[in-house]
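Morning, everyone. One structure today, and I'll keep it short. Have a look at it first.

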Amino acid sequence: MMLVSILIYILAMSLSKENQLSPIFLTRIASLVLIYAGVLTLNALYVQSIGSGIGIYCGLFQITNTTLIIESFFYVIASIILLGWGLIYKVKNNINLENLNKDTNLNIFFSFKDKSNNKKNMSNINTISISKESRDYSLIALFSILGSSFLISSVDLLSMYLSLELQSFGLYILASTYRESSNATSAGLKYFLLGGLSSCLILLGVSLLYSITGLTSFDSIYNLLSVFSSSSLSIFDIENTDRKIEIFYLSESFYQGLSLSLILIVVGFLFKIAAAPFHNWSPDVYDESPTNVTTWLTIMPKISILLFLLEVYGNISISLDSSVTNLILDELNLNLKSLSELVSYSLFNFNPSLILKNLILLSSALSLIIGTVVGLAQTKIKRLMAYSTISHIGFLLLALALRTEQATESFIFYLIQYTITNLNTFFILLAFGFVINSIIKSNYINSDLRYITELKGQFISNPILSLSLAICLFSMAGIPPLIGFFGKQSVLLSAIGSGYYFMALLAIIVSVISASYYLKIIKDIQTKNLNQMIVLDGIEEESKILDNSEHTSNISNTSINIINSKEKNETLLINLKRQDREYSYIKLSNSHSFIISSLTLIILFFVLKPSILLNSAMLCTLNYFYL
C-alpha cells in the first residue's frame with residue numbers, strides 16, 4: 001500500500017505544474033495515505049493465518065501481530081505530524097521592511113484601530129505555497145516511514161541494513177529541506193556525515209557477524225547461538241581435562257567475535273537514537289533544522305530503532321542464557337591457574353548477552369546524567385528539548401536492559417507516552433512560532449523559535465497555548481497525575497523489582513533536577529517581555545498617523561524604534577515606505593489546533609481512563625514473550 005502510494009504520489013507531482021498542487025494539498029494527501037495504510041494494517045489483524053508470523057519476500061521480512069500493531073501506530077503518528085502544517089496566507093501589505101535582514105529574528109506587530117481597513121486588507125488574502133522545497137517534504141517523509149515499517153518487520157541482516165538506510169537517507173534530506181536557510185543546510189550535512197559514521201559501524205558489525213556465523217537470517221542465528229550454548233554442556237562427558245580446556249577456548253573465540261560484532265551493531269543503533277555518549281550531533285541538528293522536521297527527527301526514527309532493539313536484544317538474551325556459563329565453571333575440575341584464566345575470559349568475552357546488558361545500562365546512566373545536567377545550561381528551546389529527549393532515552397534504555405515482562409510493558413508504555421508528549425510539545429512550539437513570527441517575507445518562511453526568551457509574555461497573549469505547553473512540560477518532568485508520571489513510575493518499579501536500586505535512585509534524582517529547566521520555560525511564559533513590542537515614542541504626529549489607518553497612505557519615511565529580542569540593548573531603525581509588497585501571514589489550521597487540544601486532553605485526563613494504553617502495552621508484551 002505504502003509503496004504503491006509513493007509511486008502514484010511521484011507520478012502526480014511530476015505530471016502536475018508547480019502551482020497546481022500546493023504543498024498543503026500534497027501534505028494532506030500524504031496524511032490520508034498514511035491513515036488509510038494504518039486502517040489496512042489493523043484490518044490485517046483479523047487474518048487468522050498470521051499466528052506467530054508469516055515470512056514474506058524470501059524470508060527477509062516477517063509479519064506478526066506485534067509488527068502490525070506497531071506499524072499502525074507509526075502511520076497514525078506520521079499522519080498527525082504531516083497534518084501539523086499551519087495555513088499560509090498571502091496578504092497584500094503596504095509595508096516594506098527594506099533595511100531588515102531576512103535572517104534577523106524580530107517579532108513585529110502592527111495594529112490599526114480602524115477595523116474597517118483591516119477587513120479591506122483581509123479581502124486580499126489568498127492561500128499560497130509554503131516554499132518550493134516543502135513540496136517534497138511529505139514525499140520524503142513517506143519514504144522515511146516506509147523504511148521504519150520495513151525495519152520493524154526485518155528478520156535478516158540485509159533487510160535490516162537496507163531498511164535502516166532507507167529511513168536514514170530520508171531523515172538526512174528532511175533536515176536540509178529548506179535550502180534557503182544556511183542553518184538547515186548545515187544541519188543536514190552534519191546529520192549526514194555523523195549518520196554515515198554510525199551506518200559504517202553497523203555495517204562493520206553485520207559483516208563480522210556474518211563472517212563468524214555464515215548466516216544472515218535472524219532466526220537461524222538465534223538457533224545457532226542456542227545450539228552452541230547447549231552443546232557447551234557436552235564437555236562434561238569428556239574425561240580429558242586438556243580436551244575440556246581446548247573446547248572451552250574454542251567456544252571463547254566464537255563468543256569473543258560474537259560480542260565484538262554485537263557491540264558494534266548496538267553502538268551504531270545507539271548513535272542513531274542519540275543516546276549518550278553518542279549524542280553530540282543531536283542538539284546541533286535539532287536546533288538548526290526547521291521545527292516540523294525536528295518533530296519528525298525526535299519521534300519516528302527513535303520509535304522504530306528502539307522497538308527493533310527490543311526484539312533483537314530479547315531473542316539474543318534468550319538464546320545466550322547466562323546460566324550456561326556458571327554451570328560450566330562450576331562443573332569443570334581444573335587447577336587454579338586454568339580456572340582463573342577461564343574466569344577472566346568469561347567475564348569479558350564469554351557472555352555476549354551480559355556485555356550488551358552492561359553496555360545498554362551504561363548508556364542509560366550517561367543519558368540520564370548528561371541529558372539533565374547539560375540541559376540546565378541551555379538558552380535555545382530546541383537544544384533544551386534535544387537534551388530532554390536524551391534524558392527520556394535513558395529511561396527507555398533502562399527498561400530495555402532489564403528484559404522482564406514488567407520491564408517490557410513499562411518500556412512500551414513509556415514509549416507511547418513519550419511520543420504523545422513530545423509530539424504535542426513540538427506542535428505547540430510550532431504554533432507559537434506561527435503566532436509570534438506572524439508577518440514574514442513571502443520568499444522564505446521561517447516560523448521557528450530559537451530562544452526560550454521569545455516565549456516571554458505569551459501567557460497573556462496566548463493563554464490556551466501556554467497552558468497546553470505547561471501541561472506537556474509538567475508531564476515530561478513526571479508531575480502527577482499526568483501521563484509522564486505513570487511512565488516514569490512504571491520504569492522505576494521495574495528497575496527496583498529487578499534489583500537495580502542504583503539506577504532507580506539515579507533516575508529519581510535526575511527527574512527532580514530536570515524539572516528545573518522545564519519550570520524555567522514555564523516561568524518565561526508567565527513573564528512579560530517588553531522587548532517584543534514596537535516602541536513608538538517621541539513623535540506625537542507619527543502615533544496619530546498609525547492610529548488612523550485612513551492616512552497610512554501618506555507615510556513616506558517614518559522612523560520606528562524596534563527592540564531586537566536577541567540583542568536586548570540594540571535599537572534598530574527601520575524605514576517604512578509606502579509600496580505594494582506581498583507579505584505572508586501564518587494562521588493556525590483547524591487540524592493543528594484540534595491535534596494540540598486532543599493530545600493535551602490525553603495527557604491531562606489519562607488518569608481517568610488508563611486501561612486503553614495500559615492494555616495495549618500489555619498485549620504487545622504478551623506477544624513478545626509468548627508468540
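Let's start with a crossing: helix 15 and helix 20 cross left-handed, meaning that the near helix is turned anticlockwise from the far one by less than a right angle. Helices here are DSSP runs of H or I, at least four residues, and strands are runs of E, at least two, numbered from the N terminus.

Before I go on, the caveats. This is a predicted model, where local features need pLDDT of at least 70, side-chain atom pairs count only at pLDDT 80 or more, and totals for chains, interfaces and linings use all residues. Residues are numbered from 1 along each chain as its sequence is written, and side-chain values use heavy atoms, with hydrogens and water left out.

Back to the pair. Helix 15 covers residues 381-402 and helix 20 covers residues 501-526. They pack at an angle of about 160°, axes 11 Å apart. Axes are lines fitted to C-alpha atoms over the stretch in contact, and angles run from 0 to 180 degrees between N-to-C directions. So the two helices are roughly antiparallel, the term for angles over 145 degrees.

Who touches whom? On helix 15, the residues in contact include Tyr387, His392 and Phe395. On helix 20, they include Met503, Tyr517 and Lys520. Contact means heavy atoms within 4.5 Å.

Now helix 10, residues 281-288. Of its 8 residues, 7 are buried, so the rest of the structure largely encloses it. Buried means under 20% relative accessible area, with a 1.4 Å probe and protein chains only. Trp281, Pro283 and Tyr286 are among them.

Finally, the whole chain. It has 23 helices and 8 strands. Of its 627 residues, 54% are buried.

How values were computed:
Buried < 20%, exposed > 50% of the residue type's maximum accessible area, 1.4 Å probe, protein only. Parallel < 35°, antiparallel > 145°, perpendicular 65-115°, else oblique.
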